[in-house]
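Visitor: I have a model open and would like to learn how to read it. Could you walk me through a few features?

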Amino acid sequence: PSIFASADSLKLTSSSPAFATRMQSGSPMVTDEEFTGNVKAQLAKLFGLSLKLTAPEEPDVEPLVAACTAKFGDYQCNNAMSLWAKIKGKRTQFRGPPAVGEAIKNNLPPSEMIESCSIAGPGFVNVVLSKNWMAKSIQKMLIDGIDSWAPKLSIKRAVVDFSSPNIAKEMHVGHLRSTIIGDSLARMLEFSKVEVLRRNHVGDWGTQFGMLIEFLFEKFPNYEDVNEKAIGDLQAFYKESKQRFDADPDFKERAQRAVVRLQGGEDRYRRAWAQICEISRNEFQRVYQRLGVHLEEKGESFYNPYIPGVLKALTEQGLVEESQGCQVIFIDGFNIPLIVVKSDGGYNYASTDMTAIWYRLNEERAEWIIYVTDVGQQQHFAMVFKAAQRAGWLPVVDRSYPKASHVGFGLVLGDDGKRFRTRSSEVVRLVDLLDEAKARSKKELIDRGKGQEWTEEDIEQTAEAVGYGAVKYADLKNNRLTNYTFNYDQMLNDKGNTAVYLLYAHARICSIIRKSGKDIEELKKTGTLVLDHVDERVLGLHLLQFAEVVEEACMNLLPNVLCEYLYNLSEKFSTFYQQCKVVGSEEETSRLLLCEATAVVMRKCFYLLGITPIYKI
Ligand code: ARG
């Protein structure tokens, strides 16, 4: 039964008592035009209005709406209980939570989206969505495009600090995690219309440069003409120079002097430094290109000129104190202070991060700063954020903006359960790893006989999409805080929760639509989508939950939430496809539209995870 006097009375007349109350209380009517794809938010709005009508004297009760298991309905709202908790003991007309629920239900503003409402258990208000409204909303998305379902966030600009490898060292698997998790978070924020400053906080400064520069001079008198080819492997170069540094006291002394001369801005040293950075940069860039990741480099050295000013301001505020020859900031709850000037007078990682956070808040006006590094750096960031709070740059309350968040992630393990290494126990080079994933997916395509069917270019592109997609998805699907095991066979399996399975599933949906011979663009406009079969409705409901899932993944900084959604979507599509004949059935048009909507949402998920879709298999 409908909660409204009659389901078609969506436009209430002024004679309706509910309408009269609404007019008196001045609360706005929620129209379905306002629906922007977020079912949960829309229901919360309706429940918010109903709460105002039910208990106008309790303005601060927040409606909490959540999707629920099918046996209760589609969504559930808990606010009868939270309202009861506030009013019990006071003199009201209500005898208990179910009565409050009943009143909330009766005060719900009319909306096309709700089919029925019921009170269950200790006062949950359960909602069944109208399948006509669901079908209409999905079809509207097909016409307006998936961007019409983008979450609406309250912030305008964010910094995502990710990838951030160190110069002259190979990018390793840890940086891979940072790169793919950070890219996915940036994509989700951008989709939500937030301007994202994608920052590569490259480790391009520090004492190791003295050693590197000295070694460069020694090995290549014409250092300025030196290119990547001559240097070869920068990691090897770093290793060699480190050996030299450890073995030869004379070299060591020169290296230490070189740091001072570099920091003093001496031309020859600056140029050598720039040369080393450039070579490293080109190497990183090749990895980014393959991963389809875009970043803007503002390395540690960028913040150097600002450090003295920032520290001076902090000192004047009384935050910086002298301790054991260092300049430090003491922070409540930590037994060691944050060192911002070392005993030799030099700056460090923390001085740079204090300055970077100041710059991002004050110069770049970022409302949310997100740092993606391994969990090992958690304490460092906790201290930097607390120091920024002490300085008054960040509000003390975590929930308000501007805010800073550390996105930590666990280790990548090998099959032996230890840190992922090559057989010769070297750090795994990112490039090799991507090569291998691509080679394996290429072999799979050839084994499937695609060599005869497809062009060489098709094979290459598909192998890259599948191979790189598999690496990214295997990382993103885990809760980022847990360690995960890197295993090619697992990630490239076409069954189970893998990118391969999902990419193939998408390609199959595309092929269903192609093989129908119908013009899907035309159908979007002329056809009608219905959700009459139970499995159509289940799939439709899941599609409609896209926006709220992206918002959750984004706000909680958890890409795995989106992976889980995508995997479930594919499973729900499978069930629908097994149960409902598409091509050649009476419902063909509607079901093709449902296939298309699934493909559109899947593609957006892939996009947000940084994975390139494939259209045939
Ligand atoms: N370069 C550092 C590393 O490789 C990560 C930098 C993270 N960003 C920052 N603002 N501290 O561990």
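Guide: Let's start with contacts: two residues are in contact if their C-beta atoms, placed from the backbone, lie within 7 Å. This is a predicted model. In the protein, 74% of the contacts between residues at least 6 apart in sequence join residues at least 24 apart.

Visitor: Thanks. What box do the C-alpha atoms fill along the principal axes?

Guide: Roughly 95 × 70 × 40 Å. Within the protein there are 25 helices and 14 strands, and 41% of its 617 residues count as buried.

Visitor: Which residues does UniProt list for the "Arginyl tRNA synthetase N-terminal" domain?

Guide: The unreviewed UniProt entry lists residues 41-129 under that name. Over residues 41-129, the chain is 38% helix and 21% strand, and the end C-alpha atoms lie 14 Å apart.

Visitor: Let's look at one residue. Where is alanine 44 found?

Guide: Alanine 44 belongs to helix α2, which covers residues 39-54.

Visitor: And why does alanine 44 count as partly exposed?

Guide: Burial is read by counting C-beta neighbours: a residue is buried if 20 or more others lie within 10 Å, and exposed if 12 or fewer do. Alanine 44 has 19 such neighbours inside 10 Å, so it counts as partly exposed.

Visitor: Which residues does alanine 44 touch, leaving out those up to four places away in sequence?

Guide: Those are Pro63 and Val65. As for leucine 64, it is 20 residues from alanine 44 in sequence, with a C-alpha to C-alpha separation of 6.7 Å in space.

Conventions. Residues numbered from 1 in each chain as written. Predicted model: local features only at pLDDT ≥ 70, side-chain atom pairs only at ≥ 80, totals over all residues. Helix = DSSP H or I, 4+ residues; strand = E, 2+ residues; numbered from the N terminus. UniProt positions renumbered as here; feature names shortened; annotations may be inferred.
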